[in-house]
Amino acid sequence: MSHLAENRLIWTYMPNGHPVGVVTGFRDEAGGVVVEQVIRWPQMRSGSLLAMLEAALEEVWRLEAPYAIVLVPAENSGLESLALRMGFEPYAEMPEGTWWVRYRPC
């Protein structure tokens, strides 16, 4: 069984004109953006994941979303450190992980 999702946001990260990753998400009822998937190609250089996520966050702000949220899987200290580095704050813990939020800069 499969389903078709509507109204999804998809950003392809293309530094130097070559795609190396994709970020997907959707707008929630309050207008914020929920990040669903972060996919990076194997050829992406180390350290460029931060650049890809920063570019996606710029697109979120360009949409005038009041916030962005993302679920970091449980016990993933590397992604938690990355979320903190990008200015996200934890706001809800669940068995599958922690939801992090970053509010739009004024």
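Visitor: Why is Glu 59 called partly exposed?

Guide: Glu 59 has a relative accessible area of 29%. Buried means under 20% and exposed means over 50%, with partly exposed in between; the value of 29% therefore places Glu 59 in the middle class. Please keep in mind that this is a predicted model.

Visitor: What makes the contact between Arg 62 and Glu 59 a salt bridge?

Guide: The distance from N to O between these two side chains is 2.3 Å. The limit for a side-chain nitrogen of Lys or Arg and a carboxyl oxygen of Asp or Glu is 4 Å, so the pair of Arg 62 and Glu 59 qualifies. In general, side chains of opposite charge can pair when their charged atoms come close.

Visitor: How are Arg 62 and Glu 59 placed in helix α1?

Guide: They are three residues apart in the helix, which means a separation of about one helical turn.

Visitor: Is Arg 62 buried or exposed, and how do you know?

Guide: Arg 62 has a relative accessibility of 55%. The exposed class begins over 50%, so Arg 62 counts as exposed.

Visitor: How many salt bridges does the structure hold?

Guide: The structure holds two salt bridges. One of them joins the side chains of Arg 8 and Glu 36, with 3.0 Å from N to O. Since the limit is 4 Å, the pair of Arg 8 and Glu 36 meets the criterion.

Visitor: Which parts does the pair of Arg 8 and Glu 36 tie together?

Guide: Arg 8 lies in strand β1 and Glu 36 in strand β3, so the pair links parts that are 28 residues apart in sequence. Arg 8 is partly exposed at 38%, and Glu 36 is partly exposed at 37%; both values fall between the cut-offs of 20% and 50%.

Visitor: What are the two faces of β1?

Guide: The covered face holds Leu 9, Trp 11 and Tyr 13, whereas the uncovered face holds Arg 8, Ile 10 and Thr 12. In a regular strand the side chains alternate between the two faces of the sheet.

Visitor: How do you know that β1 and β2 pair?

Guide: Six bridges join β1 to β2, in the antiparallel sense.

Visitor: What makes Thr 24 buried?

Guide: Thr 24, which lies in strand β2, has a relative accessible area of 11%. The buried class is under 20%, so the label applies to Thr 24. Leaving aside neighbours within four places in sequence, Thr 24 is in contact with residues including Leu 9, Ile 10, Val 34 and Glu 36.

Visitor: Why are Gly 97 and Thr 98 called buried?

Guide: Gly 97 has a relative accessible area of 2% and Thr 98 one of 13%. Both values are under the 20% cut-off, so both residues are buried. Gly 97 has its place in strand β6, and Thr 98 is found in strand β6 as well.

Visitor: What is in contact with Gly 97 beyond its sequence neighbours?

Guide: Leaving aside neighbours within four places, Gly 97 is in contact with Leu 71, Val 72, Pro 73, Ala 74 and Ala 92. Gly 97 and Leu 71 are 26 residues apart in sequence, and their C-alpha atoms are 6.4 Å apart in space. For Thr 98, the contacts include Val 70, Leu 71 and Pro 90.

Visitor: What makes the phi of Glu 64 and of Glu 75 worth noting?

Guide: Most residues other than glycine have a negative phi. Glu 64, not a glycine, has a positive phi of about 60 degrees, and Glu 75, likewise not a glycine, has a positive phi of about 55 degrees. Glu 64 is in the loop between α1 and β4, and Glu 75 in the loop between β4 and α2. With relative accessibilities of 56% for Glu 64 and 83% for Glu 75, both are over 50% and therefore exposed.

Visitor: What lines the largest pocket, by class?

Guide: The lining has 18 nonpolar, one polar and one charged residues. The pocket itself has a volume of about 410 Å³. Of its 20 lining residues, those closest to the centre are Val 35, Val 38, Leu 53, Val 70 and Leu 79.

How values were computed. Residues numbered from 1 in each chain as written. Predicted model: local features only at pLDDT ≥ 70, side-chain atom pairs only at ≥ 80, totals over all residues. Heavy atoms only, no water. 1 Å grid on protein atoms, 1.4 Å probe; cavity = no way out; pocket = protein on both sides within 12 Å on 5 of 7 lines; lining within 4 Å. Points joined across faces, edges and corners; volume = space filled by probe spheres on them. Nonpolar A, V, L, I, M, F, W, Y, C, P; charged D, E, K, R; others polar. Helix = DSSP H or I, 4+ residues; strand = E, 2+ residues; numbered from the N terminus. Buried < 20%, exposed > 50% of the residue type's maximum accessible area, 1.4 Å probe, protein only. Pairing = 2+ DSSP bridges. Contact = heavy atoms within 4.5 Å.
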